[in-house]
Amino acid sequence: MKRFLYNILLVVLIVSPVLLGACKKKDPSVLKVYVRSASNALQSGAKVVVIGDLQSNPETKEHVDTLITNESGFVAFDMDKYFNKYAGETTGYFDLIVKKDGKEADGYVRCRQHITTVETIFLPN
């Protein structure tokens, strides 16, 4: 009887960390892009486009999203849309295009699942 209880206790001790880890809430995948002028002022109302880089290695799947910067000069893309659409992908490489008042700038960023990635793009004079 003692041996049986010992074996049950051993199984519970081995399995419980695995079960508790499976219930852990995952952090969201977010791409936060700040847009600044050449003089470093945050820019509200700038159009920010994120495009999956099909030529990256490893290849990033198709993805396009567009947002306008808020009054604080940034946008926050929900990249869980990308990672949920392409199950199994944990990393993506994206081109960034920013436009405001006839000015345009670009950037490049790598996003990872369950991580907040932050990038700053400067518009030219």
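How many bridges join strand 2 to strand 3? I looked this up to begin with: five bridges join the two, and they run antiparallel. Strands here are DSSP runs of E, at least two residues long, and helices are runs of H or I of at least four, both numbered from the N terminus.

A note on ground rules. I am working on a predicted model, where local features need pLDDT of at least 70, side-chain atom pairs count only at pLDDT 80 or more, and totals for chains, interfaces and linings use all residues. Residues are numbered from 1 along each chain as its sequence is written, and side-chain values use heavy atoms, with hydrogens and water left out.

Entry: I traced an open sheet of four strands in the order 3-2-5-6, with antiparallel pairing (two strands pair if DSSP finds at least two bridges between them). Strand 3 and strand 6 are the edges, each pairing on one side only. In strand 3, I found leucine 67 as the bridge partner of valine 48.

**Entry: the hairpin.** I counted 10 bridges between strand 5 (residues 91-100) and strand 6 (residues 103-112), which run antiparallel. Lysine 100 has lysine 103 in strand 6 as its bridge partner. The two strands form a hairpin with two residues between them, and aspartate 101 in the turn has a positive phi of about 50 degrees.

**Entry: valine 64.** I put this residue in strand 3 (residues 64-68). Is valine 64 buried or exposed? Valine 64 is exposed, because its relative accessible area is 59% (buried is under 20%, exposed over 50%, partly exposed in between, with a 1.4 Å probe and protein chains only). Leaving out residues up to four places away in sequence, valine 64 touches Val49, Val50 and Ile51 (contact means heavy atoms within 4.5 Å).

**Entry: aspartate 65.** This one is also in strand 3. I found aspartate 65 buried yet without a salt bridge; the nearest side chain of opposite charge, lysine 81, is 4.2 Å away. For charge, Lys and Arg count as positive, Asp and Glu as negative, and His and the chain ends are not counted. A salt bridge needs a side-chain nitrogen of Lys or Arg within 4 Å of a carboxyl oxygen of Asp or Glu.

**Entry: the salt bridge.** I get a count of one by this rule. Glutamate 89 pairs with lysine 61, the closest N and O atoms being 4.0 Å apart. The pair links distant parts of the chain, 28 residues apart. Lysine 61 is partly exposed, because its relative accessible area is 30%.
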